[in-house]
Amino acid sequence: MPKGKQANKKNKKQESIEATLWQSADKLRKNMDAAEYKHVALGLIFLKYISDAFEVLHTKLTEGKGEYEGADPEDPNEYTAEKVFFVPPIARWKPISDNAKKTEIFLENGKKVDVGGYVDEAMEAIERRNPSLKGVLPKVYARLNLDRTSLGGLIDLIGTIALGTDEAKSRDVLGQVYEYFLGQFALAEGKKGGQFYTPGSVVKLLVEMLEPYEGRVFDPCCGSGGMFVQSEKFIAAHQDHYKPSPRPSPKGRGGYSIALNPADMISIYGQESNQTTWRLCKMNLAIRGIDSSNIRWNNEGSFLNDAHKDLKADFIIANPPFNDSDWSGELLKDDARWAYGIPPAGNANYAWIQHFIYHLSNTGMAGFVLAKGSLTSKTSGEGEIRKGLIEARLVDCIINLPAKLFLNTQIPACLWFLSRDKANGGYRNRTDEILFIDARNEGHLINRRTRELSNEDIQKIASTYHNWRNPKGNYEDIKGFCNSAPVERVRELDYVLTPGRYVGLPDDEDDFDFEERFTKLKAELEEQMKEELRLNEIIRRNLAKLKSSNKFGLGEKNE
C-alpha cells in the first residue's frame, strides 16, 4: 500500500477512536451543561495522561536496569529530571479505576468520600506535588449535579484510551483525544465555545503561513493554547528543515540522540484573562509535554496588565475578540503602544494590531484574525491608523476568509499578516507590495452552521503566500483569487484593504453575457410570479370552502 494511503488509513482510524469516545462520553453527560461537563471530561483525560506517563517511568525505575540502576521509584526528583509529573498513590489511575463504582471510599486520613470526592482529592494531591499545576486542575467532581454512575462510566471509558505502554505513543493518542474533545465541546457550546477555541483549520492556516521553525512564539489572547500546539506540530512535521545534531541523552546517562524535539526549537509566551480558559490551556500544553511556564493569567487582560512587557517575539499568532468594545481604552489614551494612532475606546481591533506590533522583534512576523470591518473602517481614526501601518510597510498579506468558520460569531473575518522587515527578513524584498488573497470560496460545510478549510485549501493559500515572498517562488496573479498590489495602488483606493478590490473577478465570471443573464433571470421571475398567482387562487378557494363548512356548523365541537 502506498505510504500516503497508509497515513490516511491511520488518520481515519484515529478519528474513529476519538469520535467513538466522544459519542460515549456525550451520552454520559445526560442533562449537564456542556460548559460544565467539559471540565469533568478534560480533567479526567489529563489525569489519565499524567498517570500513564508516570507509570511508564515508574516501571523502569522499579526494574532498575542500566541507567536506572539504584533509582528510587517513589522519589519525585527522578520524575522531575525526566520532565514527567510525579503522581502520588491516590491519584494513580488504577486506584481511581478500582474505586469508580464505589459509593463509599475511605481515605488514609479516615475521611469518607464517594467517587467524585475521591477524584477531587486526587487532583489536589497532584497539585501539591507539582507546583507548576497549582490552581490548574479542576476540582468539580464532588458536585451534586454530577451523576456518580455516569462519572464511574466516564472513568471506565477514558481508561480505554491508552494504546500500548510507550510514553510518547500514549501522549500522542491522549493529546489527540483532548484536542478533539475541546473542539466538540466548543461546537456543543456554540457561541460561548468560540471564547476558548479557534477552529483547527484556521489555526493550521495561520501557522502554515508563518512557518515558525524556531524562535519566540507569542499569543496575548491564547485561549486553550491551540496556536502553541499547532506550532509544535508544524516543527514535528518539518523535520527535514533542520540539520540534526547529536545531543546527550537526559541526565547524561550515555548514548546520543539526533531526534528533533519541537520544544527545543521554540519558546512560547501567552496571556489569558479568563482563568477557566487558562486552566484548559495549561492542561492542553502539559498533555503535549510543552513548557507552559510563560503562560500567564490575570483578570485585567493584555491591555491593562501586559504580562510580557519586555517580550520581543519572532512570531505572534492570535485570534483576539472581534470588535471588543469593553477593553478599557479610555484608560489607555497615552499608552506607548499606540505608535500609529490612538485606537477608539469603542473598538479594540486597532489596539490589538498595535499591541502585536509593539511585541514584534526587528525581524518578527505576526498573523492574526480580525473582523473584516477592520479592512475598511474609517471611524474614530481607524482609517488613519491603517494608513500609517501601510505607509510604514508593515502590512504583508491580507486574506479574506469564508463565512461560517467561527463558532462564536457570524461576523465576516479576515487574516492579517504583518512583517517588521519586508526588505528581507530571510525572503525577497517586497517592501512596496501587499499580497491580497480572496479565499471566500474555499472550504466545505461540516454541518449546517459550520465551515472548515481542508488541508488542500490550506496548502493552496499558504503556498501562494510562500511563492510570493520567496526569492525563487513561482508566483503569479490569479483573477478572483490573488493579487500582488503595489502600495501606490492601495493609496489610490484610499487605503482600503479588502482583497476583492484588488483580485477582481475570476475569468469565468468576467466573461459572462450580461444581456443573456438578465433575460434568463427575468423569464424565471415571470414564471415564479405566475406560479404565485396560481397558488394564491388555490388558497382563496380552500378558504372559501372552510368558511362555507363553518356556516353549516360542520366545524363545531360536539358537546
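These legends walk through several close-up views of a predicted model.

**View 1. The open sheet of 9 strands.**
The strands follow the order S7-S6-S3-S8-S9-S11-S10-S12-S15, and their pairing is mixed. At the edges sit strand S7 (295–297) and strand S15 (482–486), each of which pairs on one side only. On average, and with direction ignored, neighbouring strands of this sheet are turned by 15° against each other.

**View 2**
Strand S6 covers residues 266–272 and pairs with S7 in the parallel sense, over 3 bridges. To find your way between the two strands, look for Gln271, which stands opposite Arg296 in S7.

**View 2. Two helices packed on the sheet.**
Helix H8 (residues 200–210) packs on the sheet, where it touches strand S8 (313–318), strand S9 (360–371), strand S10 (395–400) and strand S11 (413–419). The direction of H8 makes about 155° with that of S9. Helix H12 (residues 349–358) packs on the sheet too, touching strand S3 (215–219), S8, S9 and S11. For H12, the angle with the direction of S9 is about 160°.

**View 3. Helix H8 and the residue that follows.**
How many of the 11 residues of H8 are buried? The count is 9, which leaves this helix mostly covered. Among the buried residues are Val202, Val203, Leu205, Leu206 and Val207, and the list also includes Ser201 and Glu208. Just after H8 comes Glu211, with a positive phi of about 50°.

**View 4. Strand S12 and its two partners.**
Strand S12 (residues 433–438) has 5 of its 6 residues buried, so the rest of the structure largely encloses this strand. S12 pairs with S10 in the parallel sense over 4 bridges, and Ile398 stands opposite Phe436 in S12. With S15, the strand runs antiparallel, joined by 5 bridges. In that pairing, Glu433 faces Pro486 of S15 as its opposite residue.

Thr464 lies in helix H14, which spans residues 455–469. Is Thr464 buried or exposed? Its relative accessibility is 11%, and buried means under 20%, so Thr464 counts as buried. Setting aside neighbours within four places in sequence, Thr464 is in contact with Leu435, Ile437, Tyr475, Phe481 and Cys482.

**View 5. Two loop residues with positive phi.**
Ser328, found in the loop between S8 and H12, has a phi near 65°, a positive value in a residue other than glycine. Ser328 has a relative accessible area of 19%; because the cut-off for buried is under 20%, this residue counts as buried. Arg393 is not a glycine either, yet its phi is positive at about 60°. You will find Arg393 in the loop between helix H13 (382–391) and S10.

**View 6. A nonpolar patch on the surface.**
Which residues form this nonpolar patch? They are Ile539, Leu543 and Leu546, with about 300 Å² of accessible area together. Leu546 has its place in helix H18, residues 514–551. With a relative accessible area of 54%, Leu546 is exposed, because exposed means over 50%.

Definitions and conventions: Residues are numbered from 1 along each chain as its sequence is written. This is a predicted model: local features need pLDDT of at least 70, side-chain atom pairs count only at pLDDT 80 or more; totals for chains, interfaces and linings use all residues. Side-chain values use heavy atoms; hydrogens and water are left out. Two strands pair if DSSP finds at least two bridges between them. Axes are lines fitted to C-alpha atoms, for helices over the stretch in contact, and angles run from 0 to 180 degrees between N-to-C directions. Contact means heavy atoms within 4.5 Å. Patches are made of residues with over 30% relative accessible area and no salt bridge: like charges are joined within 9 Å, nonpolar side chains (Val, Leu, Ile, Met, Phe, Trp, Tyr) within 5 Å. Accessible areas come from the Shrake-Rupley method with a 1.4 Å probe; for residues, only the protein chains shown count as cover. A salt bridge is a side-chain nitrogen of Lys or Arg within 4 Å of a carboxyl oxygen of Asp or Glu. Buried means under 20% relative accessible area, exposed over 50%, partly exposed in between (1.4 Å probe, protein chains only).
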